[in-house]
Amino acid sequence: QCFVYKLPPRTTTGDHRAAEWNAADPLWSGKLKVIAKGDACIVQLIDSTSGELFAVCPVDDTAVEPVKDSSRYFVLRIENQGRHAFIGLGFAERNEAFDFNVALQDHKKYLKNKEESAKALERLKNEPDVDYTLKGPIKVSLNVPSGGSSSGSKLAAVADDDNDDAAFIGLLAPPPKAKTSVTTPAASSSSSSTTAATASNNA
């Protein structure tokens, strides 16, 4: 629910103040509707009982002005057949005044975004076209090595502190060392002959 107030004559050029209105005696009360379609936005004041239209406020940058001393009161510029007048507008609840203000701000943002998009599109149209095609014959050289990389064939060896043999990563373990002590039969036979000759001489 909203209320309409008659504005007193202004003595200064400053902001409007709701404290200067006769808030206890509104000029009219009813419903308020914000209608936005495309670039156009209007505020309608409608009688709650009969549904009759009381006043229309075409919204632009100066059609709705908040007062200085309250967030629930505004000044509207209403129009009728080319004539306009200023009235005071108030809401019984603060959240209703908040919703009214948000609806107006959303429409203002819509117009701003549309204007910025149009300017950006105009800038793109005025920019020269850029040709990204490759001109003339193009020679491409690829350096492909014929053989495998020498660095890839190197194997890393890790020393083992407990064993003299090296442990090679990726290789099998080396075979065990061959024994070097070999018994020769000829040497054993010669030793037996020498022992027999000595015994004969002593006899």
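1. Rings of Phe, Tyr and Trp (its six-membered ring) are paired if their centres lie within 6.5 Å; planes under 30 degrees apart count as stacked, over 60 as edge-to-face and the rest as tilted. On this basis, Tyr 5, Trp 21 and Tyr 73 form one aromatic cluster.

2. The model is predicted: local features need pLDDT of at least 70 and side-chain atom pairs count only at pLDDT 80 or more, while totals for chains, interfaces and linings use all residues. Residues are numbered from 1 along each chain as its sequence is written, and side-chain values use heavy atoms, with hydrogens and water left out.

3. Helices (H or I, at least four residues) and strands (E, at least two) are DSSP runs, numbered from the N terminus.

4. Burial is assigned by relative accessible area: buried is under 20%, exposed over 50%, and partly exposed in between (1.4 Å probe, protein chains only). Tyr 5 counts as buried because its relative accessibility is 5%, and Trp 21 counts as buried at 8%. The rings of Phe 91 and Phe 100 also pair; their centres are 5.5 Å apart and their planes stand at 40°, so this pair is tilted. Phe 91 is buried at 4% relative accessibility, as is Phe 100 at 3%.

5. Ala 24 lies in the loop between β1 and β2. Ala 24 is exposed, since its relative accessible area is 75%. Its C-alpha atom is separated by 9.7 Å from that of Tyr 5, 19 residues apart along the chain.

6. Does the length of α1 agree or disagree with expectation? The expected span of a helix is 1.5 Å times one less than its number of residues. For the 33 residues of α1 this gives 48 Å, and the end C-alpha atoms are 48 Å apart, so the two agree.

7. The buried residues of α1 are Ala 97, Phe 100, Leu 104 and His 107. Their cover includes β2 (28–37), β3 (40–46), β5, β6 (73–80) and β7 (83–91). His 107 has a relative accessible area of 7% and is therefore buried. Leaving aside residues up to four places away in sequence, His 107 touches Ala 36, Gly 38, Asp 39, Ala 40 and Cys 41, where contact means heavy atoms within 4.5 Å.

8. On a 1 Å grid over the protein atoms alone, a pocket is an open set of points where a 1.4 Å probe fits, with protein on both sides within 12 Å along at least five of seven lines; lining residues have an atom within 4 Å of a point. The largest pocket has a volume of about 270 Å³, a volume being the space filled by probe spheres set on the points. Its lining comprises 13 residues, with Val 59, Asp 60, Leu 104, Gln 105 and Lys 108 nearest the centre. The elements giving two or more residues to this lining are β5 (64–66) and α1 (94–126), and α1 provides the largest share, 6 residues.

9. The second largest pocket has a volume of about 150 Å³. Its lining residues include Leu 7, Pro 8, Arg 10, Asp 15 and Trp 21.
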